[in-house]
Each structure stands twice: as structure tokens, then as C-alpha cells.
Amino acid sequence: MAVDQVDELSRGARDERMRRWRLVLGGDEADGTGCALGGQDAAMDGALTALYGRGDKKEEGRGRDRAAGLGASAPSVARWLGDIRTYFPSSVVQVMQRDAIDRLGLSALLLEPEMLEAVDADVHLVGTLLSLNKAMPETTKETARAVVRKVVEDLEKRLATRTRATLTGALDRSARINRPRHHDIDWNRTIAANLKNYLPEYRTVVPERLIGYGRASQSVKKEVILCIDQSGSMAASVVYASVFGAVLASMRSINTRLVVFDTAVVDLTDQLDDPVDVLFGTQLGGGTDINRALAYCQSQITRPAETVVVLISDLYEGGIRNEMLKRVAAMKASGVQFVTLLALSDEGAPAYDREHAAALAALGAPAFACTPDLFPEVMAAAIEKRPLPIPDSGNPAHGKP
């Protein structure tokens, strides 16, 4: 390759690096790139500036405010939403929408039907809409429900099939029998139980005792209680838990109860056939009384040895701490499988009360954050009464199960 061609490629790579740095740094006089933008790059820069510009700088030589912002005008925000969908992939669009709501106080505009139709809906937007539910005018509520329903249906498509398959297998395995039919034999456990009967001359194990799977019938085999903290920081967890609650409720062999709480306790079990109704039955925000919520859940337990209680909370207790811990200890002593999730979302562990998390771990109820993809495995382990699949990273308070 000729020297001038190499130089041209080097200049092209350098210019591309400067262009990218210019988009990142925003064009203030100290950005040091010396790079001017035009065409689509200028439009992208304008969309970024409207959201992330500082508002106190002027572009050198142009005499205009670098950060004109979005203002409080619904038409200008709608245009901006259209722009970012044009220039950025959907994952980036959703991040920018969330930042716009947080940084620029655009929550009020989401109360307008036209705005709701313009945004790309995701779990975080649903959480925002639920927090605005009580302030939402009647003209907006149907549009909001449609937005929430679309997100919920997308989540159900993603999560339902694997959840049902995983838990059906767990229910089958939880009813092991010692005189199984041939196709129901659990060979791994059978071999492990008969290793003493190994015959070296034949290089085989003689299985004196067979261990197998009992097949789950259509009758109720397990009771599951989802106890969900509906304080404002738990918005994404409430959305995912409501979807999982509906999926579990659709399985005949699991009797599912869904309870949400702040300082009051609300049982939404009768609405589990429609997770959208569940979500609009919540009221994000307010205080927290975990002890009161667990007292209610404890009162609903009739078969402790067949019950799984899942507490989803950041553990900031506004009630009676010692009573909360005593209730967890009492439930575990009676045979209940107790699971503590600091969050049920893709974001990992939020801020949480580490003292309470450590106290629960000491009781054998380790507290950890759980992604939606991991949740079926966590529930399967709880149903089978085996150690929970706790992630190693991001969960400093999980202790040992």
C-alpha cells in the first residue's frame, strides 16, 4: 500500500475519533477537538444537547445557548422523541427517555395522551406511570393502560414459557418416590444411593433401591406467596413480580397469592388473572412496614412445609424490626421456604438496609438481587428445598443458604 494511502487512512481514523469525542464532549470551548459537525451529526448533537447540555455555555462563534433544553412544551418534547428514535437504537432511546424524566422533570407531560403515544415503553416508564396513577386525568388513563399492557404482554412472552417449564420440572422432582416406573427413575440419585453396591468384577452398580420422580398431578402441590414492597424505589421489581405472579397463578399445581405493602397491606390475589389490574392496584411511594406485611402473609399459611414465601424489598423497615425477624424465624421453623430478594430487575442490588440483610442471612434467608431470567431457577430451588442459585457478584449480603 502506498504511503499516501496509509496517511489517508490514518487521517480518516483520526477524524472519526475526533468526531466521536466531539459528540461526547458537547462542543464547549474547552473540549479540545476542534471538530465541527454537520448534517446528521449536528442533529444528533442537538438532541443530546437538549437533554445533557449544561445551560450556561454558549458555542464559540455562534452566540447561541448550547443547552436550549426541552422546555415544558409537549410539541417540542414530541419532536425530540421522534429525533432520538431516528438517530439512536431503541436501548439508547429508553435510557434517554428515563434521563429526560429524571433530569428535566417531564413526568407531568406523561399525563397527556399524545405524549404517552410518542414514547417507547419499557419497565421503567411503566413504573413512572404507576407512580403518577393517582394524579392521572381520566382522559389519559386508557392510554396509560394500553402502554402498560403492551410492556406486560412483551414481558409475558419473554418469561412465561421458561418459567412454566422450569417450575413444572421442579414440582415433578419435589414428589420423589422409591418405587418408580422405569421412565420415572432419577438415575443420578439412584446411582449415588447405591454406590456401596458397586461390583468391580462387572464394573457396575447393582441398584437395590430405586429413586424416581413422582409426577405432579393437577391438584395443588405448592403454595407461593409473593410479598412485594411498593415503595418508590421498587418500581421495576413491582412490574416484574406482577408478571411472574400472573404466570404462577396460571399453573394449576401452584396456589399463588400476591400481596403488596407500604405502611398498609393490600392483597391483590383476586386480580392475578390480569397483571395490568394488579399494577394499577399498587400505589408506588410511601413508607414501609415489612413486619405488618409478613404478619398478614403468615396468617395465610395453612401448609407450611409446602409453602414458599418470597419477600421482595430493599429492607428499609419502618415497622418493628425485631418482630419482623421473629416472624421470618417462626416461618422457617415451621417448614416454610423463605426467599428474600432485594430487587427483581435487571439493574442489580439497589440501596438496601445491610443490617437487616445480614440478620436475615443469619436466619438462613439470604438476601440478594435477582434478575428476571434467574427468578424461575430461584423458585425451582425453593420448591425443591435445595440451595438457592445466588449470584456471586453484586450481592454482598447474601450469606450462605
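**View 1. Strand β8 (residues 307–312) pairs with β9 in the parallel sense over five bridges.** Strands here are DSSP E runs of at least two residues, helices are H or I runs of at least four, and both are numbered from the N terminus; two strands pair if DSSP finds at least two bridges between them. This is a predicted model, where local features need pLDDT of at least 70 and side-chain atom pairs count only at pLDDT 80 or more, while totals for chains, interfaces and linings use all residues. Residues are numbered from 1 along each chain as its sequence is written, and side-chain values use heavy atoms, with hydrogens and water left out. Look for Val-310, which sits opposite Val-339 in β9.

**View 2. β9 also runs parallel to strand β10 (residues 367–370), joined by four bridges.** Leu-344 has Cys-370 of β10 as its bridge partner. Cys-370 is at 2% relative accessibility, so it counts as buried (under 20% relative accessible area; exposed is over 50%, partly exposed in between, with a 1.4 Å probe and protein chains only). Seven of the eight residues of β9 (residues 337–344) are buried too, so the rest of the structure largely encloses this strand.

**View 3. Cys-227 is buried, with a relative accessible area of 0%.** There are zero disulfides in the structure (a disulfide is a pair of cysteine sulfur atoms within 2.5 Å). Cys-227 is in none, and the nearest cysteine sulfur, from Cys-297, is 3.7 Å away.

**View 4. Asp-289 lies in the loop between α10 (275–280) and α11 (290–299).** Its relative accessibility is 14%, so Asp-289 counts as buried. Leaving out residues up to four places away in sequence, Asp-289 touches Phe-261, Asp-262, Thr-263, Glu-317 and Gly-319 (contact means heavy atoms within 4.5 Å).
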